[in-house]
Amino acid sequence: MRDVPSLPRLLGLAGLLPQLACVIALYAGPDEWRYTAQAIAFGYAALIFSFLGGMWWGIAAMAPAAENRKTLGWVWVAAVAPSLIALFAYLPWVFGQTWPEPSLIMLGAGILMSLAVDAKLRALAPNWWMSLRVPLSLGLGLATVAAALA
């Protein structure tokens, strides 16, 4: 991550702290914290996953017009998918079904798989893009799965 500018690197790494705090609370905290920690972990993962979609939308919007029309149609679809997946993962809770473990697994897997979209956007993103995205997506994705398995 040395090639990542300091502010995005610092803020990106700081963005892992809420999820890591939830995982610590789940594994080391009292049982009465469990539901709250998992609910916060779900909300944070859903928020950041949706944010990733917004970043992809922005990258597509900034692409040259000719390239955007011809080759980036898939990005617009990919950019909306995280928010829809997060909403879908939230619905079991709304309807009183099993929650949050399966939903956390779904979000964690989605965040881990988001690296495929990030990699395909590498040519349009800053040259340090993947140096930032890989540790952040691995960190948040794995922490989200860890929250589900606690």
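Helices (H or I, at least four residues) and strands (E, at least two) are taken as DSSP runs and numbered from the N terminus. The model is predicted: local features need pLDDT of at least 70, side-chain atom pairs count only at pLDDT 80 or more, and totals for chains, interfaces and linings use all residues. Residues are numbered from 1 along each chain as its sequence is written, and side-chain values use heavy atoms, with hydrogens and water left out.

Ala 14 lies in helix H1. Ala 14 counts as partly exposed because its relative accessibility is 35%.

A pocket is found on a 1 Å grid over the protein atoms alone, as an open set of points where a 1.4 Å probe fits, with protein on both sides within 12 Å along at least five of seven lines; lining residues have an atom within 4 Å of a point. Rolling a probe the size of a water molecule over the atoms shows where empty space is left. The largest pocket holds about 320 Å³ of space. That volume is the space filled by probe spheres set on the grid points, which are joined across faces, edges and corners. H7 gives the most, with six residues.

Arg 133 also takes part in a salt bridge. Such a bridge is a side-chain nitrogen of Lys or Arg within 4 Å of a carboxyl oxygen of Asp or Glu. The structure holds two. In one of them, Asp 118 pairs with Arg 133, and the closest N and O atoms are 3.1 Å apart. This pair links distant parts of the chain: Asp 118 sits in helix H6 and Arg 133 in helix H7, 15 residues apart. Asp 118 counts as buried because its relative accessibility is 0%. Arg 133 is likewise buried, at 6%.

Another salt bridge joins the side chains of Arg 34 and Glu 101 (3.5 Å, N to O). Arg 34 is partly exposed, with a relative accessible area of 29%. Glu 101 is partly exposed at 26%.

Glu 101 is also a neighbour of Gln 38. Gln 38 is placed in helix H3. Its relative accessible area is 2%, so Gln 38 is buried. Contact means heavy atoms within 4.5 Å. Beyond its neighbours within four places in sequence, Gln 38 contacts Leu 26, Pro 100, Glu 101, Leu 104, Ala 147 and Ala 148.

Cys 22 lies in helix H2 (residues 17-28). Cys 22 is buried because its relative accessible area is 6%. With neighbours within four places in sequence left aside, Cys 22 is in contact with Ala 37, Ile 40 and Ala 41. The C-alpha atoms of Cys 22 and Arg 2 are separated by 28 Å, at 20 residues apart along the chain.

Met 106 is found in helix H6 (residues 101-120). Met 106 counts as partly exposed, at 30% relative accessibility. Apart from neighbours within four places in sequence, Met 106 touches Ile 85, Phe 88 and Ala 89 by the contact criterion. Its C-alpha atom is 13 Å from that of Leu 140, 34 residues away along the chain. Leu 124 is placed in the loop between H6 and H7. Leu 124 is partly exposed, at 27% relative accessibility. From Leu 124 to Met 106 the C-alpha distance is 28 Å, across 18 residues of sequence.

Phe 88 also contributes to a nonpolar surface patch. Patches are made of residues with over 30% relative accessible area and no salt bridge; like charges are joined within 9 Å, and nonpolar side chains (Val, Leu, Ile, Met, Phe, Trp, Tyr) within 5 Å. The patch covers about 810 Å² and is made by Tyr 35, Leu 87, Phe 88, Tyr 90, Leu 91, Trp 93, Val 94 and Phe 95. Areas come from the Shrake-Rupley method with a 1.4 Å probe; for residues, only the protein chains shown count as cover. Helix H5 (residues 73-94) gives the most to the patch, with six residues. Tyr 35 lies in helix H3 (residues 34-62) and is partly exposed at 42% relative accessibility.

How values were computed: Buried means under 20% relative accessible area, exposed over 50%, partly exposed in between (1.4 Å probe, protein chains only).
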